[in-house]
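Me: I would like to go through some terms and see how each is decided. Please start from the definitions.

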Amino acid sequence: MTNEEWGQVRSKLQKAVGQNNYTNWIEPLEFADLANGVATFLVPTNFMGNWVDRNFGDKILRHMIGEGLKVSRLEFSVPARTVATQAAPAVDTVSAIPAKTDQEELPGAPLDARFTFDSFVVGKPNELAHAAARRVAEGGPVTFNPLFLYGGVGLGKTHLMHAIAHEMKTRNPELRVVYLSAEQFMYRFVQAIREKQMMDFKQLFRSVDVLMVDDVQFIAGKDSTQEEFFHTFNALVDQNKQIIISGDRAPGEIKDLEDRIKSRLQCGLVVDLHPTDFELRLGVLQKKVDSYRAQYNGLVIADGVLDFLAHRISTNVRVLEGALMRLFAFASLVGREITLELAQDCLGDILRASDRKVTVEEIQRKVSEHYNIRLSDLIGPKRVRTIARPRQVAMYLAKHMTSRSLPEIGRRFGGRDHTTVMHGVKRIDELKGVDDQIAEDLELLRRALEA
């Protein structure tokens, strides 16, 4: 393969992976050789070679074959003249932070340039998480350590993590910030064991100023990775370095996560990103519309469409944003104004999925599992407090999450009278305002049922 042929492949990859990924990961590759079906590229660091191989290797291979080149495998090599401290290829990756001359390349993942504080829509469900993230991103004395952000899919955890990293890097370019997923942490750990480089691994992760780990629930049940994560955590806390973690639920609720890690994660500030409300979803849509109008040459969107979407797609902001993007793209292709009728036609599958109905029986099963009691006891005649309170919680959720009448709900709870259901609902309504545990139980159960 000649450099000219590689140039043709690169131009096609630029369109396939997008400008940001191309600039970060493809452009720095230097073609070295093609022999016996193996294409060799020179890269600045081993980390970069591993990242490109895992994330873009298949695409590179496919485009090379598409150009008629006889290649079956890629290899990435760091030339002897290249030191590990050479600058990383992009400003939008964690490893782009200037490293000190005696330090190895930081083992981070790329940051998304779209995920900043400016693009984050703040509302009541996420205002505490946003405020805490802002405070940590400002730097200064470490106050919340760790900061633990948790919530369901599409509520903004990863957005806030990226925003913190962007802000920290802007304020202090010399700060050694590493953002990666728990899965990537585990991959690096396993790779270090396989290549007998555990001392390098330990030194690398203990030398950072800020460690950010996304989706920590991934390491639950993986004993060796948890062990190393625990020791890394302790080493950084002892050095007064900032740690920011996210998960899909509170630390104490993550199954198969070691108790000592749960305890460590709970010793800082734990903040919940609550499910979105109508106002927040509408705000997200309105912010997106401004950019889409510019992208699609001022395409008109009729009154009431955004309200309709914010009401109907309620569980996941990513799905909501995806629906709006599809709507603009479709309207542009067919040359029509975005009306309510167009939205209903174009987004039928998304709207049907969002209309999934929760049943009383589902609520009963989830509540029984949550409180670790038998379903037969929840529905049966027992009136001891350990069963009566979960029964009232289940009645409350059935009243607010289904369209069943009080008499119908009563019949599904062992033939109880509607006044019993009314009393149970009223009691939980009173308790949730003064009992934090009841309020948290309701939120967790609601989230599980809407998932």
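Reply: Buried means under 20% relative accessible area, exposed means over 50%, and partly exposed lies in between, with a 1.4 Å probe and protein chains only. The model is predicted, so local features need pLDDT of at least 70 and side-chain atom pairs pLDDT 80 or more, while totals for chains, interfaces and linings use all residues. Residues are numbered from 1 along each chain as its sequence is written, and side-chain values use heavy atoms, with hydrogens and water left out.

Me: Why is arginine 10 called partly exposed?

Reply: Arginine 10 has 22% relative accessibility, so it counts as partly exposed. The residue lies in helix α1 (residues 3-17); helices are DSSP runs of H or I with at least four residues, strands are runs of E with at least two, and both are numbered from the N terminus.

Me: What does arginine 10 touch, leaving out residues up to four places away in sequence?

Reply: Arginine 10 touches Tyr22, Ile26, Glu27 and Leu29, where contact means heavy atoms within 4.5 Å. The side chain of arginine 10 also reaches the backbone oxygen of glutamate 27 at 3.1 Å. A polar contact is a pair of N or O atoms within 3.5 Å; within protein, one must be able to donate a hydrogen and the other to accept it, and residues adjacent in sequence count only if both atoms are side-chain atoms.

Me: Is histidine 166 buried or exposed?

Reply: Histidine 166 has a relative accessible area of 14%, so it is buried. Its place is in helix α5 (residues 157-171). A polar atom of the histidine 166 side chain lies 3.0 Å from the backbone oxygen of aspartate 112.

Me: What makes two rings an aromatic pair?

Reply: Rings of Phe, Tyr and Trp (its six-membered ring) pair if their centres lie within 6.5 Å; planes under 30 degrees apart count as stacked, over 60 as edge-to-face and the rest as tilted. By this rule there are 11 aromatic pairs. In one of them, phenylalanine 185 and phenylalanine 229 are 5.9 Å apart centre to centre, with 90 degrees between the planes, and the pair is edge-to-face. Phenylalanine 185 lies in helix α6 (residues 182-194) and phenylalanine 229 in helix α8 (residues 223-238), so the pair ties together parts 44 residues apart in sequence. Both phenylalanine 185 and phenylalanine 229 are buried.

Me: What makes a group of residues a nonpolar core?

Reply: A nonpolar core is a set of buried Ala, Val, Leu, Ile, Met, Phe, Trp, Tyr and Cys residues joined through side-chain atoms within 4.5 Å. The largest one here has 49 residues, and those with the most contacts inside it are Phe41, Ile60 and Met64. Helix α3 (residues 46-66) gives the most to this core, with seven residues. Beyond its neighbours within four places in sequence, methionine 64 is in contact with residues including Met1, Val9 and Phe41.

Me: How do you know that β1 and β2 pair?

Reply: Two strands pair if DSSP finds at least two bridges between them. Strand β1 (residues 30-35) and strand β2 (residues 38-42) have five bridges, in the antiparallel sense.
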